[in-house]
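Let us walk through this structure step by step.

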Amino acid sequence: MRTALVRDLSPEIGRCELSHLARAPIDIERAMRQHAAYLQALTAARCAIEQLPPAPDLPDGVFVEDTAVVLEELAVITRPGAASRRPETASVAEALRRYRPIDWIAEPATLDGGDVLVSGRTLFVGLTARSSTLGAAELARITVSAGYTVRTVPVTGCLHLKSAVTEVGDRTLLINPAWVDPFLFEDYRLIPIDPTEPFGANALRIGGVILYPREFTRTAKRLRDEGFEVREVAAGELAKAEGGVTCCSLVLTANG
Ligand code: CIR
């Protein structure tokens with residue numbers, strides 16, 4: 001059984017951070033319905049849902065992925081690149097310390113969980129406006145004794161590394177080659193997104209199941225043709241806040 005840490009949507013989501021999208025009005029009722037359906041999809045994928053304390057004053061608090069990197073042996077609490085998001089981490093640390101020893105990315109380094117792609121013992125870290133080389137170095141310092149290697153990856157055109165590439169199967173990545181260089185992952189099997197669906201590289205793998213945004217039908221077909229079990233979720237409202245399907249949960253298993 002897995003546990004998914006999640007947080008309810010803030011009524012202030014309309015004031016979220018935005019980097020690559022123009023601000024578009026978010027229908028809060030619709031966003032809440034979609035978030036509830038996402039939680040149901042997590043439950044159907046055999047995750048027990050654990051709610052973090054509501055944080056109505058933190059517009060981006062629903063995007064819990066950015067606040068921590070959860071590994072088998074420990075959890076690393078991040079120092080988000082956007083100052084407005086730093087108050088999100090304390091409650092996540094409180095929750096995670098019941099599951100793992102925790103450590104912290106120290107000032108002045110910055111790191112967003114959305115920039116950390118965990119693949120076995122390799123931690124790919126996207127270098128973005130949110131995550132610094134110091135952040136990658138901090139992550140390396142904290143995790144080296146547990147046997148992890150950090151590899152930094154330049155990212156262009158999107159918010160986070162995991163906007164551009166996510167792991168959908170063992171040694172298999174779903175990738176938008178316009179935003180991250182595929183040659184950096186040459187020892188992986190790569191599935192490119194359909195070029196008409198640039199935001200389609202963010203998929204949430206839970207065991208043998210892929211939770212995936214409903215609107216990216218062409219890339220979903222590619223995944224299904226490759227043999228993956230794709231479960232569609234409606235994620236359009238939070239996409240206006242630059243959130244994808246990985247962003248709204250921190251999934252823990254007994255083994256990592
Ligand atoms: C932000 O800009 O920080 C939020 N509006 C969106 C964060 C999305 N998180 C993620 O991709 N891991």
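This is a predicted model. Start at the ligand. It has 14 residues around it, and E17, D60, E65, R130 and A241 come nearest. What kinds of residue make up the shell around the ligand? Seven are charged, four are nonpolar and three are polar.

Now look at single atoms. Find E17 first. A polar atom of its backbone lies 2.8 Å from a nitrogen atom of the ligand. A241 also uses its backbone: a polar atom there is 2.7 Å from a nitrogen atom of the ligand. R130 brings in its side chain. One of its polar side-chain atoms is 2.8 Å from an oxygen atom of the ligand. Each of these pairs counts as a polar contact, because the cut-off for two N or O atoms is 3.5 Å.

How much of the ligand does the protein bury? On its own, the ligand would expose 350 Å². The protein buries 98% of that area. The space that the ligand takes is the second largest cavity.

Step back to the whole chain. The protein chain has six helices and 15 strands. Along its principal axes, the C-alpha trace spans about 45 × 40 × 35 Å.

Two spots in the backbone deserve a look. Here is the background: most peptide bonds are trans, and most residues other than glycine have a negative phi.

Go to P108, in the loop between β5 (102–104) and β6 (116–119). The peptide bond that joins E107 and P108 is cis, with omega about 5 degrees.

Then find R46. This residue sits in the loop between α1 (28–44) and β2 (47–51). R46 is not a glycine, yet its phi is positive, at about 70 degrees.

How values were computed. Residues numbered from 1 in each chain as written. Predicted model: local features only at pLDDT ≥ 70, side-chain atom pairs only at ≥ 80, totals over all residues. Heavy atoms only, no water. Near = heavy atom within 4 Å. Polar contact = N/O pair within 3.5 Å; in protein donor to acceptor, adjacent residues only side chain to side chain. Areas by Shrake-Rupley, 256 points an atom, 1.4 Å probe, with all protein chains shown as cover. 1 Å grid on protein atoms, 1.4 Å probe; cavity = no way out; pocket = protein on both sides within 12 Å on 5 of 7 lines; lining within 4 Å. Sits in = over half its atoms within 2 Å of the grid points. Nonpolar A, V, L, I, M, F, W, Y, C, P; charged D, E, K, R; others polar. Helix = DSSP H or I, 4+ residues; strand = E, 2+ residues; numbered from the N terminus.
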